[in-house]
Structures are given as C-alpha cells and as structure tokens.
Amino acid sequence: MPSDYSNRIPPGQQLVGAGKWPIIGERSPAQTSRAWQLSLTGCVTKPKTWTVSELRNLPQSRITIDIHCVTRWSKLDVEFTGVLLETLLAHCDVSPSGKYVSFGARSDRRHSTSLTLATALTQKTLIALEVDGAPLGTDHGGPIRNIVPGRYFYKSVKWLEEIEILSRDRLGFWEAESGYHNAADPWQEQRYIAPSLDRREAIRLIESRDFSNRDLMGMEAKNRDLSGLRASGAALRNADFSESNLQGADFTGANLSNSHFKQSDLQRANFVDADLEGADLSGADLRGADFTGCSLIGASFFDPAPAMGLRAIFDKKTILPEEVTEPLFPEQLAFVRDALTG
Ligand SMILES: Nc1nc2c(c(=O)[nH]1)N[C@H]1C(S)=C(S)[C@@H](COP(=O)(O)O)O[C@H]1N2
Ligand SMILES: [Mo]
C-alpha cells in the first residue's frame with residue numbers, strides 16, 4: 001500500500017483490491033412496477049416528488065469520496081455525481097421542527113438510515129445518480145442512492161425513494177436490528193453501540209456453552225474455555241472470543257461479522273455458511289476448521305499493523321474453498337494461499 005494513502009485509512013480498515021467494490025447487505029430492491037421517483041416529505045411546508053429525469057435536470061454536483069464499510073474494507077477515490085441534499089431541501093422549505101433526516105429505500109425490509117439534519121448538510125450529502133461517470137448499477141443502489149461522505153457506508157442507502165424530515169430521530173434498519181452505531185464516524189471507530197446483554201446472563205450463557213440462535217451482539221467471551229460451544233444460527237456481531245478455547249465449536253450459519261478471534265483456538269471449528277465479514281482471525285489456530293460457504297469480505301488472518309504480526313495457523317484439514325477466499329483483501333489472500341500450500 002503506497003504510504004501516502006495511510007493517513008486516509010481509518011483505524012481497523014484495509015483497502016480492497018484495485019477495481020473491487022463488494023456488495024453488502026441487500027442485493028436488489030423490492031420488485032414493483034412503479035416508475036422510480038424520489039419524494040421529500042415530513043417536516044416541510046412543500047413536500048415534493050421528483051422522477052429520475054427531473055433529478056438529472058437539477059444542478060449536478062460531483063464529489064470524490066473514500067468508502068469505509070463497517071466490515072473493515074475501504075475503497076478510495078470513488079466519484080459520485082448527482083444532486084446535493086441541500087438543493088432538494090431548498091425546494092421544500094424545512095420547518096423549524098425538522099431536526100433529523102431519514103433516507104428510506106425501496107426494499108422488502110423497508111431499509112432506512114438516519115442522520116441529524118446538521119450532519120447531513122455539513123457532510124454534503126449527495127443524492128447520487130452516477131458513479132465514475134456512468135449511471136449507478138442496480139447492485140450498488142441505482143438508479144438513486146444517497147451518499148454521506150465521512151460516515152460508514154451504511155449511512156448511504158441503496159435504491160433511495162423517500163427522504164423524510166423528522167422532528168425526532170428514527171433509527172435505521174441496521175442501527176435498530178444490528179446495533180450499528182448511530183453516529184458512524186469511521187475515524188472514531190463508531191461501529192457498534194454497547195451491547196445490551198446483562199452481565200450475569202452472559203456468564204450463565206458462557207457456562208452453558210450454548211449460544212444457539214440467540215442474539216448476543218458484542219458478547220464478551222475473551223479468554224474462556226468454550227470448547228464444543230454450540231452457536232449455530234447465533235447473532236454474534238462484534239463478539240469478543242480473543243484467546244478463547246473454541247475447539248470443535250459449531251458456528252454453522254452464525255452471524256460473526258466484526259467478531260474477534262485473535263489467537264483463539266479454533267481447531268475443528270465449524271463455520272459453514274457463517275457470516276465472518278470484518279472478523280479478526282489473526283493468530284487463530286484454524287487446523288481442521290471448516291469455512292465452506294461462509295462470507296469473508298473484510299476478514300483478517302494476520303494482523304496487518306505490525307508487519308505480518310500474529311498469523312493464523314492452518315493445516316491440510318482446514319477447509320477454505322477458493323470461492324470463499326476470493327473476496328479477501330489482496331494481502332490477506334496472498335497470505336492464506338501461501339499458508340495453505342506451504
Ligand atoms: N437498501 C439498502 N441500502 C444499504 C444496505 C442495505 O442492506 N440495503 N446496506 C448498507 C451497507 S451496510 C453498506 S456497507 C452499503 C453497501 O453498498 P454497496 O453494496 O454498494 O457496496 O450499503 C448500505 N445501504
Ligand atoms: Mo456496511
């Protein structure tokens with residue numbers, strides 16, 4: 001990585017390979033036959049709706065931003081073109097009670113996110129129609145998505161169809177469902193809110209060694225004996241399993257995004273169909289572990305900060321199919337390939 005990029009990469013982030021842009025979350029909008037349009041409603045005196053061509057006929061702005069996803073991948077210098085939120089607001093007369101803005105998607109789960117109106121404006125939120133000079137593709141939120149510079153990318157909603165001005169905040173989909181931090185500043189690593197799990201309950205669960213199908217976001221299980229843990233289907237985003245014994249643990253289908261397995265003993269652990277996006281597996285013992293069908297976008301097998309510090313251990317019985325390792329960061333992929341064949 002050229003050294004002049006380093007001051008542009010927030011803590012805990014790594015660069016995707018040249019030309020790569022992962023698709024995260026929903027992959028397509030809700031299906032309807034309605035034409036695309038964008039409405040601006042809520043605390044405004046003049047609500048308004050624009051078709052895509054009407055948006056194209058408004059003054060266009062071009063911004064170049066660095067994308068930082070909460071699952072630890074960054075992509076620098078992406079150029080978006082579209083209409084500034086500020087321009088749309090000028091058509092609608094925001095009422096004095098309007099303090100927040102919610103961006104709603106055409107989505108089966110009614111996906112949305114929100115910001116304070118002040119943040120949305122100081123960050124120069126863009127209603128984007130194009131990326132790098134071409135219309136936004138459907139997979140990345142076309143024809144319309146909002147882009148919030150300087151915030152984790154979950155504040156940028158794909159298939160935007162409603163902007164609502166609110167007097168009180170309304171948490172967005174990820175913020176409410178998954179504990180993503182509502183402020184989302186990557187330079188302050190505002191990835192998650194503190195877990196709501198009661199301490200005594202956490203200890204009881206650790207002793208039972210059964211997390212199956214439970215929502216345990218941010219679970220603190222560092223340096224524990226959890227061999228044989230049953231955790232299939234569990235939601236364990238941002239959980240901390242550093243230095244724990246997890247031999248033979250079953251994480252089938254679990255959500256382990258951004259979870260910490262630094263120096264964990266994961267011999268023969270089962271990660272089949274698990275979500276390991278942004279997970280830290282540096283220095284973990286992965287002999288005999290099975291990663292079939294899991295997602296490893298943004299995951300790490302060695303610590304990139306000290307040059308090649310803490311490296312994961314593999315053996316011939318580690319199952320890491322090629323299609324699973326393909327989205328890894330280039331340096332991580334090179335390391336894994338080397339370790340698997342060496
Ligand atoms: N409608 C919708 N917008 C969304 C999401 C989603 O699941 N649905 N995921 C968010 C997250 S977490 C990220 S990182 C970015 C991913 O955008 P991309 O798929 O274009 O990379 O979209 C954000 N906006
Ligand atoms: Mo994300």
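How many nonpolar, polar and charged residues does the shell around ligand 1 have, by class? The shell has 12 nonpolar, four polar and four charged residues; Ala, Val, Leu, Ile, Met, Phe, Trp, Tyr, Cys and Pro count as nonpolar, Asp, Glu, Lys and Arg as charged, and the others, Gly among them, as polar.

This is a predicted model, in which local features need pLDDT of at least 70 and side-chain atom pairs pLDDT 80 or more, while totals for chains, interfaces and linings use all residues. Residues are numbered from 1 along each chain as its sequence is written, chains are lettered from A and ligands numbered from 1 in the order written, and side-chain values use heavy atoms, without hydrogens and water.

Around ligand 1 there are 20 residues, each with a heavy atom within 4 Å of the ligand. Pro22, Glu26, Arg109, His140 and Lys158 come nearest. The table gives polar contacts, which are pairs of N or O atoms within 3.5 Å.

| Residue | Its N or O atom | Distance to an oxygen atom of ligand 1 |
|---|---|---|
| Ile24 | backbone | 3.0 Å |
| Arg109 | side chain | 2.7 Å |
| Lys158 | side chain | 2.7 Å |

The protein covers 100% of the 530 Å² of accessible area that ligand 1 has on its own (Shrake-Rupley method, 1.4 Å probe).

The structure also holds 17 aromatic pairs, with ring centres of Phe, Tyr or Trp (its six-membered ring) within 6.5 Å. One of them joins Phe251 and Phe271, 5.2 Å centre to centre with 5° between the planes, and is stacked (planes under 30 degrees apart).

Definitions and conventions. Polar contact = N/O pair within 3.5 Å; in protein donor to acceptor, adjacent residues only side chain to side chain. Phe/Tyr/Trp six-rings, centres within 6.5 Å; stacked < 30°, edge-to-face > 60°.
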